[in-house]
Amino acid sequence: DLSVGEEMTKVQSVLQKTKGDIRWVKPRGFHLTFKFLGDIEQAQVAPILQALRQAVKTQPQLRVRTQGLGPFPTLKRPRVFWARLNGEGLKELAAKIDAALASLGFPSEGRAFRPHITLGRVRSLNGWDRTLKQVKEYLQYDFGESRIDTVTLYQSDLQPSGAVYTPLGVISLNAIESA
């Protein structure tokens, strides 16, 4: 039985063989983004972590299912290629995090939260027809179930080889899972 990450890596390797012009996320970079903060100062890290701790202090761990592939914004004009996450409490946790960070001056999200893990970024449509043909076989693919047991504040550094994520703080969620 493969883990969700191993399943995503397996599907990624199938899609890479189509030779589409996609920059693939390295498996160690797979993550669910609840909120992107942009550039922040070092002095903001402690208050952000404190706000997050307060927001999730009663938050139970979540069980989520990773199922289905898709692009943002559309299959005809893809920019980001992702695997979808579903689970009770995901949107509520995102709303708690958004509200906590809005209290520090970070703008609230203007669009609905769509939980996903980015698998790749489409650089051009060269070869997309071949990739799309393969993608269609995985539109409802079930990668499996996993647990969200921490919220991590990451620093993201864009390198020529892709983003490098450095954890600035990790907050554990309650060990009791939601029903």
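Reader: Starting with helix α4, which of its residues are buried?
Author: In this predicted model, the buried residues of α4, which spans residues 128-135, are Trp128, Thr131, Leu132 and Val135.

Reader: How do those sit around the helix axis, seen down α4?
Author: They fall within an arc of 100 degrees, so they line one face of α4.

Reader: Why would residues spaced like that point the same way?
Author: An α-helix has 3.6 residues a turn, so residues three or four places apart point the same way.

Reader: And what does the face turned away from the buried side carry?
Author: Exposed residues: Asp129 and Lys133.

Reader: What do the buried residues of α4 pack against?
Author: Four elements are listed here: α1 (4-16), β1, β3 (78-86) and β4.

Reader: Back to Trp128. Which ring cluster is it in?
Author: Trp128 is linked by ring pairs with Trp24 and Phe81 into a cluster.

Reader: Phe81, then. What is its bridge partner in β4?
Author: Gly120. The strands β3 and β4 pair in the antiparallel sense, over 5 bridges.

Reader: How many bridges join β2 to β3?
Author: 7 bridges, and these two strands also run antiparallel. They form a hairpin, with 4 residues between them.

Reader: What stands opposite Trp82 there?
Author: Gly70 stands opposite Trp82 of β3.

Reader: New topic. How many aromatic pairs in the whole structure?
Author: A search of the whole structure gives 7. One of them is Phe34 with Phe113: the ring centres are 5.6 Å apart and the planes are at 15 degrees, so the pair is stacked.

Reader: Where do Phe34 and Phe113 lie?
Author: Both are in loops. Phe34 is in the one between β1 (22-24) and α2, and Phe113 is in the one between α3 (90-102) and β4 (116-122). The pair therefore ties together parts that are 79 residues apart in sequence.

Reader: Is Phe34 buried or exposed?
Author: Buried, with a relative accessible area of 13%. Phe113 counts as buried too, at 18% relative accessibility.

Reader: What about Tyr138 and Tyr141, stacked or edge-to-face?
Author: That aromatic pair is edge-to-face, 5.2 Å centre to centre with 65 degrees between the planes. Tyr138 counts as buried at 14% relative accessibility. Tyr141 is partly exposed, since its relative accessible area is 22%.

Reader: Now the largest nonpolar core. How many residues, and which have the most contacts inside it?
Author: The core has 45 residues, and Phe34 and Leu69 have the most contacts inside it. The largest share, 7 residues, comes from α2.

Reader: Phe34 again. What does it touch, leaving out residues up to four places away in sequence?
Author: Leaving those out, Phe34 touches Leu90, Leu93, Ala94, Ile97, Phe113 and Ile148.

Reader: Last one, Gln59. Where does it lie?
Author: Gln59 is in the loop between α2 (42-56) and β2 (60-73).

Reader: Buried or exposed?
Author: Gln59 is buried, because its relative accessible area is 4% and the cut-off for buried is under 20%.

Reader: Which side chain does it make a polar contact with?
Author: The side chain of Lys96, at 2.8 Å. Not counting residues up to four places away in sequence, Gln59 touches Leu93, Lys96, Leu173 and Asn174.

Methods: Residues numbered from 1 in each chain as written. Predicted model: local features only at pLDDT ≥ 70, side-chain atom pairs only at ≥ 80, totals over all residues. Heavy atoms only, no water. Buried < 20%, exposed > 50% of the residue type's maximum accessible area, 1.4 Å probe, protein only. Polar contact = N/O pair within 3.5 Å; in protein donor to acceptor, adjacent residues only side chain to side chain. Contact = heavy atoms within 4.5 Å. Phe/Tyr/Trp six-rings, centres within 6.5 Å; stacked < 30°, edge-to-face > 60°. Core = buried A, V, L, I, M, F, W, Y, C linked by side-chain atoms within 4.5 Å. Arc of directions from axis to C-beta. Pairing = 2+ DSSP bridges.
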